[in-house]
Amino acid sequence: ATVVEVAGHVDKGGKLSHKEEQGGGTSILAFTAADVTDPRFCIVKGSNVEYSVGTDNLTGERRARQLLPLPFESVVASLDGNGGGSVKIEPALPLLEGNPLVFEACDVEKADQGKLEEGVDVHVYLSLNGGKYAALKVKRFFKMKEPEKMPEHMKRNSTLVRRTERLSEGPVAGSRGFTAQTMTRTPAADYPILGCKTPTFNANAAEFVVPV
């Protein structure tokens, strides 16, 4: 779900857009700061979150609970040489006004420390440190490329595709099925006979042998 409204950096809660399982419609569910699972990460307008839906037993009102923010897709904008740097969230959040998020070397996942480069795609979490937004848990990820579109002149025209069929020749109508042809070991009349002698079949050699 996507958060559509936040009051005071989630200090006073907010609202998110919930997609109904039945009917396919959407509804707005409210949440409070107590419903956020990990307070280290900021939930802002435009954040994607995982959550569960709870119902008040007294009022029957539904609300969002156990909110867990999902990482933002970002691109490494710069590196400072000490393992830190800055990233830009894409698409940009209006809250950041296009400003990059700074991160330290300790904010990079261990498997990616020393492996970041400018222009690399990364996942980051948003945090608020000293009144400024920063990036946490910086981790590389590989974005799937969109498949290249085939040129129009190379596409097969379905209207020109012809269907060919080969039908096996079955038994003759009125018969009981296929007739077995008796195999003979007599060579054909035009078989070349060496020395004008009639050859015999050697079963062991599996060939015709002319007697001496």
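Reader: Where is Gly 81 found?

Author: Gly 81 is found in the loop between β6 and β7; strands are DSSP runs of E with at least two residues, helices are runs of H or I with at least four, and both are numbered from the N terminus. This is a predicted model, in which local features need pLDDT of at least 70, side-chain atom pairs count only at pLDDT 80 or more, and totals for chains, interfaces and linings use all residues. Residues are numbered from 1 along each chain as its sequence is written, and side-chain values use heavy atoms, with hydrogens and water left out.

Reader: Is Gly 81 buried or exposed?

Author: Gly 81 is exposed, at a relative accessible area of 71%. The classes are buried under 20%, exposed over 50% and partly exposed in between, computed with a 1.4 Å probe on protein chains only.

Reader: How many helices and strands does the protein chain have?

Author: The protein chain has zero helices and twelve strands. Of its 212 residues, 24% are buried.

Reader: Which residues have the most contacts inside the largest nonpolar core?

Author: They are Val 87, Leu 101, Leu 126 and Val 138, in a core of 18 residues. At least two residues of this core come from each of β6 (72-79), β7 (85-89), β8, β9 and β10. Apart from this core lies another, of nine residues, including Ile 43 and Leu 67. A nonpolar core is a set of buried Ala, Val, Leu, Ile, Met, Phe, Trp, Tyr and Cys residues joined through side-chain atoms within 4.5 Å.

Reader: What is Val 87 in contact with, leaving aside neighbours within four places in sequence?

Author: Among its partners are Val 75, Leu 101, Phe 103, Val 124 and Ala 135, where contact means heavy atoms within 4.5 Å.

Reader: A change of topic: what volume does the largest pocket have?

Author: The volume is about 320 Å³, taken as the space filled by probe spheres set on grid points that are joined across faces, edges and corners. A pocket is an open set of points on a 1 Å grid over the protein atoms alone, where a 1.4 Å probe fits, with protein on both sides within 12 Å along at least five of seven lines; lining residues have an atom within 4 Å of a point.

Reader: Which element gives the largest share of the lining of that pocket?

Author: β10 does, with four residues. β8 (101-103), β9 (121-129) and β10 (132-140) each supply at least two.

Reader: How many aromatic pairs does the structure hold, and which residues form a pair?

Author: The structure holds one aromatic pair. Phe 41 and Tyr 125 are stacked, at 4.6 Å centre to centre with 25° between the planes. Rings of Phe, Tyr and Trp (its six-membered ring) pair if their centres lie within 6.5 Å; planes under 30 degrees apart count as stacked, over 60 as edge-to-face and the rest as tilted.

Reader: Why does the pair tie together parts that are apart in sequence?

Author: Phe 41 lies in the loop between β3 (26-31) and β4 (49-55) whereas Tyr 125 lies in strand β9, so the pair links parts 84 residues apart in sequence. Both Phe 41 and Tyr 125 are buried.

Reader: And the backbone: which residues does a cis peptide bond join?

Author: A cis peptide bond joins Glu 90 and Pro 91, with omega about -5°. Pro 91 lies in the loop between β7 and β8.
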